[in-house]
Amino acid sequence: MTASPTNTSVVNPEKVQRIDFKMVSFTLAGKEYGVDIMKVKEIRKAGDFTKVPNTPNFVRGVDNLRGDIIPIIDLRIMFHLPAESHEEHALENIIILRLDDLVLGVVVDTIEKVIGISKDSIQPPHPLFGDINIQYIQGVVEYNNILYILLDVDRIFGKPTHKEESIQHKVEDIQVVDPSPTPVVTAQDSDLDLQFITESLASLAGFYVGPHNRDWVRNRLIQWKADRKAQGQDFQLQAREDTEEFLKGFLTGNSSRFWTEQEIQLLAQNLHFSGNTVSVWNPGCGKGYEAYSLAVFFRTQFPQTGVKIWASDNDLLNISIAPSLAFSEMEVDEFYKPFLVSTKAGFQFSSEVKNQVFFEFHDIRNMNPITSVSLIVARDIVSFLTTEEREKVFAEFFEKLKPEGYLILGQNEVVTQEADWKRIGEGPWTVYQKNI
Amino acid sequence: MRVEYINPFVEAAYNVLSEVLGVEIKRGNLYLKSATKSVMGVAAIVGLAGEVEGRVLFDMSKVTAIKIASAMNMEELQEFDDLAKATITELANMITAQAVTKLHDLGFRFDLTPPALISGDNMEVSDQEVEALIVPMESELGNIEINVAVRERG
């Protein structure tokens with residue numbers, strides 16, 4: 001054996017890239033961008049577009065593509081990038097895109113080549129890409145040491161998939177940014193501000209604004225702008241600390257401590273349970289304070305009813321602590337004393353209480369086998385899910401609850417499908433009862 | 001997956017691998033997954049039944065499997081033959097059995113099914129109906145991913 005054969009046999013199959021994604025690369029203001037080749041109908045050179053009056057400035061006009069009239073959009077103007085000046089009748093580089101039923105041309109600086117990559121190598125966009133709004137970016141991919149920003153043309157030009165992330169609004173907003181200020185503009189302005197805040201919260205804090213929390217965010221924004229103005233600061237959220245400050249007051253206070261006796265009695269007024277045993281689901285239970293509070297809630301308010309509490313969280317560190325949560329006397333009301341035992345580590349719940357609570361390492365975005373629950377306590381969970389995930393989770397809540405079962409959300413969250421639920425009570429202990 | 005089940009599997013995997021391979025084992029970060037996942041090349045599956053149900057899948061590349069089988073048999077195996085296959089199957093059995101023993105001591109009753117070994121290229125495991133806990137184990141012989149999906153009986 002002269003040459004070592006091991007070099008060839010040790011090829012790691014993971015390292016062999018499978019090319020399953022092709023993109024057309026082009027440049028805008030000297031930077032490299034890419035677009036999915038499946039969206040590209042053709043590439044051509046054209047110029048002298050026919051101007052159309054009353055269109056946003058990024059619409060260069062329309063062009064005749066072998067008999068079809070298509071709009072021509074200038075991406076550089078749309079993204080506020082410097083456009084190379086060109087001679088009056090010079091031909092420009094056009095990428096013709098086909099999006100579902102829409103064909104349009106976009107003007108770019110130069111069109112480079114077709115690049116084959118592996119879908120897995122596309123990285124999510126980073127909030128720091130300043131030039132182009134993050135929600136228009138599908139991802140970033142490296143090829144031959146050049147970073148390409150992959151544009152999500154469906155979101156830029158296509159029909160909106162989610163109501164609140166509607167690009168349609170954006171285009172309208174751009175249209176009204178007009179040199180002559182009218183009262184309409186100010187109304188649009190605050191919507192635009194809300195849009196900015198919405199985007200910053202999503203990218204910096206993973207907090208998604210939607211119908212379930214928009215009222216709170218809107219009110220908070222008014223207060224926030226006034227506060228920041230008083231401090232002489234811009235209202236935009238620049239860093240994670242800003243988002244934490246902004247969201248202060250949103251999160252439900254009592255989900256990370258034991259409920260007080262008063263809170264337990266208040267909640268009991270609104271809930272009724274029938275049957276010998278009930279199941280409760282407590283997603284996002286953290287270290288388990290809420291789950292144990294629920295166990296004590298049932299033991300004191302509904303002593304005839306046996307209870308089984310499924311408490312889950314996707315934070316492994318917190319959930320690992322939960323089954324043997326120990327605490328000092330200070331943290332707990334006198335009211336809890338009958339259910340506690342004293343251990344070396346501090347107070348813990350007695351084994352009777354512990355046996356009623358099942359802690360699971362679980363991500364709410366994945367499936368779970370929990371069924372037929374009478375009560376779901378999911379505080380501040382849905383606000384940290386994307387629109388799609390949130391609606392899936394709401395549907396799951398509805399499906400997993402028994403008829404007339406109860407759902408408790410965070411103190412500033414509301415349900416999105418109002419027809420499915422009956423609202424009971426007000427304030428932090430608002431309960432939603434499943435309609436039959 | 002119940003929190004109580006996690007540690008027995010992690011500990012058993014760590015103990016058994018350290019013992020039979022005689023090399024340093026490093027545990028990667030645990031995470032949850034519920035979607036189609038590609039299998040590296042060799043997968044040993046042990047089913048769990050009883051009060052809870054589920055399965056444990058041991059996933060590794062063929063190169064790693066041959067190296068591990070070589071280390072366990074104390075002879076240099078050149079290909080993934082019957083002996084190597086039997087060795088990997090046995091490794092899966094040892095780890096799962098030790099985990100189940102630990103769980104038994106904690107009061108959880110599990111039964112095991114005989115392990116099955118699957119090998120080939122471009123394989124995927126789809127368990128969209130269950131959420132799996134992934135325990136990555138790293139060593140100089142290669143990486144093993146232990147994929148545990150267990151749920152209470154409904």
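1. In chain A, α8(A) passes α9(A) in a right-handed crossing, meaning that the near helix is turned clockwise from the far one by less than a right angle. Helices here are DSSP runs of H or I with at least four residues, strands are runs of E with at least two, and both are numbered from the N terminus.

2. This is a predicted model: local features need pLDDT of at least 70, side-chain atom pairs count only at pLDDT 80 or more, and totals for chains, interfaces and linings use all residues. Residues are numbered from 1 along each chain as its sequence is written, and chains are lettered from A and ligands numbered from 1 in the order in which they are written.

3. Helix α8 (residues 261–270) of chain A packs against helix α9 (residues 289–301) of chain A at an angle of about 65°, and their axes are 10 Å apart. Axes are lines fitted to C-alpha atoms, for helices over the stretch in contact, and angles run from 0 to 180 degrees between N-to-C directions. α8(A) and α9(A) are therefore roughly perpendicular (65 to 115 degrees).

4. On the α8(A) side of the contact are Ile264(A), Leu267(A) and Ala268(A); α9(A) supplies Phe297(A), Thr300(A) and Gln301(A). Contact requires C-beta atoms, placed from the backbone, to lie within 7 Å.

5. An open sheet of 7 strands in chain A runs in the order β15-β12-β11-β16-β17-β19-β18, with mixed pairing. Strands pair if DSSP finds at least two bridges between them. The twist averages 20° from one strand to the next.

6. Strand β12 (residues 306–313) of chain A pairs with β15(A) in the parallel sense over 5 bridges. Phe361(A) in β15(A) is the bridge partner of Asp313(A).

Conventions
Parallel < 35°, antiparallel > 145°, perpendicular 65-115°, else oblique. Contact = placed C-beta atoms within 7 Å.
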